[in-house]
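Reader: I am new to this structure. Please show me how to read it, one feature at a time.

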Number of protein chains: 2
Amino acid sequence: MTYCVGIEVDEGLVFAADTRTNASLDDVRVHRKLHVFDYPGERVFVVMSAGNLATTQLAVARLRRDAEDPDATRSLRTFRHLFEVAEYVGEVLVASQVQAYDSGQHSGVSTQATLILGGQIAGERPGLYLVYPLGNCIAASPETPYLQIGESKYGKPILDRIIRPETALEDAARCALVSLDSTIRSNLSVGLPIDLALVRAGDLRVSQQVRLEGDTALYADIHENWSRKLENAVRTLPRFPWEPALPVADESVALPPLPPRRAPSRPDPGDQSAQQ
Amino acid sequence: MTYCVGIEVDEGLVFAADTRTNASLDDVRVHRKLHVFDYPGERVFVVMSAGNLATTQLAVARLRRDAEDPDATRSLRTFRHLFEVAEYVGEVLVASQVQAYDSGQHSGVSTQATLILGGQIAGERPGLYLVYPLGNCIAASPETPYLQIGESKYGKPILDRIIRPETALEDAARCALVSLDSTIRSNLSVGLPIDLALVRAGDLRVSQQVRLEGDTALYADIHENWSRKLENAVRTLPRFPWEPALPVADESVALPPLPPRRAPSRPDPGDQSAQQ
């Protein structure tokens, strides 16, 4: 499984992807799913992938080969509009699936894959597309400012509540990291490290690109901090009618500190606490 | 579809359930899925249900009939331990499924259902069980202090981050409401109103029971407030290395207010803003 999310806000684009691939529960590896095609000053694309790894690696390799071939008539460098690029990426995806399909038709393995494509071509504003296994695609919009592929459910509520076109680019990126972190926590098939790329509108290159491991200070901070913030947010939600008012009415005043989440070792409570 | 969550903390039990049932996208109705069996001072049980509505209504009706029959040898009122009640509820569930199965064997309709049972019998501490369609069951525990049935994914991250045995009962209830609200927002088959019941340890009755509609002040407040709180939480997460520091380092100081979420009507942006 996989989880990738692309976000389009007024300030630009955010891409975040996990890196875990698994053929079964005990065949787990790390593979990059976020691929940058960067032609500074001219155009920039980011492609994220979910689905059959052989298919997506083949598709990405072909995109790169074509882009590096000065004689190619169709490549990431030849189109004038992003929607044409999305169409072309869809064709390459379909062709990559077909090749795998022809070679192993009767194996029962799905060779399908889904992509997120985003970027900007000079003279246009940035855009974000979800490319389906059939090669067709849909665009993000102000009403639907993010697109997800893979294990999308756990990470969706935070996006639904936060992301609007006016959201600042770095806030959207923080939100993407929380969305990834929630998914990693709830689904074993989505795992660290996380690849994150930001494309600021008008930069015409990848503005920032980082890989976050579990012990990367920023990620550890976000992971640790987020639970605390949620806990405080829950505690300061409106009170039930039967509850006494909060000791401090002004919620900007910090609540008393919570017990540490990392408790010291303690005696095993044994079966008694688990059920009666 | 359905979403129900039961939470067990040191202070007691929380039960929250949506009320939407749907046979198809245009056959949507409201049915209660949270059922209280309350024998004050002696014992209290709450049963929540997901799955085939005919099955669950039959099972609940039988539980109630048996409990009201003073001659019944096996009923919610006869057992001395909660795990025996869970076993009995499982038997009633299996029998209710079988009856439906026998009558409509070839219709292709699943008559399966899943239940959450929680409560307390005098002399024991409270407990919480998930009863599977097979009639077997698992108990919540300090490491797994909540159980979900139905559309569980959207509402899981908030529970994973907040709920611990030490969480206050009302905070757990607020967290359950947020979990329901997230699910309602992301899945059309889960809908308002929400039924909420709290059983405080030792009360031996349902301590609080409320139904929350979209315009119930408490629910509207929570729904509105939660997005704001999350937005503030995202904005005060650690900064990326390339960002300037936050204008106010002390996060207990409130950030400038956000634009209203309910914007006035505006000109239709048209196709241009959606794609290029």
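Author: Start with contact: it means heavy atoms within 4.5 Å. By that rule, and leaving out residues up to four places away in sequence, B:Thr114 touches B:Met48, B:Ser49, B:Ala50, B:Leu130, B:Val131, B:Tyr132, B:Pro133 and B:Ile149. This is a predicted model, where local features need pLDDT of at least 70, side-chain atom pairs count only at pLDDT 80 or more, and totals for chains, interfaces and linings use all residues. Residues are numbered from 1 along each chain as its sequence is written, chains are lettered from A and ligands numbered from 1 in the order in which they are written, and side-chain values use heavy atoms, with hydrogens and water left out.

Reader: Is B:Thr114 buried or exposed?

Author: Buried means under 20% relative accessible area, exposed over 50%, partly exposed in between (1.4 Å probe, protein chains only). B:Thr114 has 18%, so it is buried. In chain A, 53% of the 276 residues count as buried.

Reader: Which strand holds B:Thr114?

Author: Helices (H or I, at least four residues) and strands (E, at least two) are DSSP runs, numbered from the N terminus. B:Thr114 lies in strand β7 of chain B, residues 113-121. Chain A has five helices and twelve strands.

Reader: How much area do chain A and chain B bury between them?

Author: The size of an interface is often given as the accessible area lost when the parts come together. Buried area is that loss (1.4 Å probe), summed over both parts. Here chain A and chain B bury about 6500 Å², with 56% of it on carbon and sulfur atoms. In contact are 68 residues of chain A and 68 residues of chain B.

Reader: How many salt bridges are there between chain A and chain B?

Author: A salt bridge is a side-chain nitrogen of Lys or Arg within 4 Å of a carboxyl oxygen of Asp or Glu. The count between the two chains is eight. One salt bridge joins B:Arg164 and A:Glu231, with the closest N and O atoms 2.5 Å apart.

Reader: How are chain A and chain B related?

Author: Two copies of a chain are related by a rotation about an axis and a shift along it. Copies are superposed by least squares on the C-alpha atoms of residues with pLDDT of at least 70 in both. A rotation of 180° with 0.0 Å of shift along its axis puts chain A on chain B, at RMSD 0.0 Å. The two copies are therefore related as by a two-fold rotation axis.

Reader: Why do the copies meet through the same surface?

Author: Because 99% of the interface residues of chain A are also interface residues in chain B.

Methods:
Buried area is the accessible area (1.4 Å probe) that two parts lose on being put together, summed over both.
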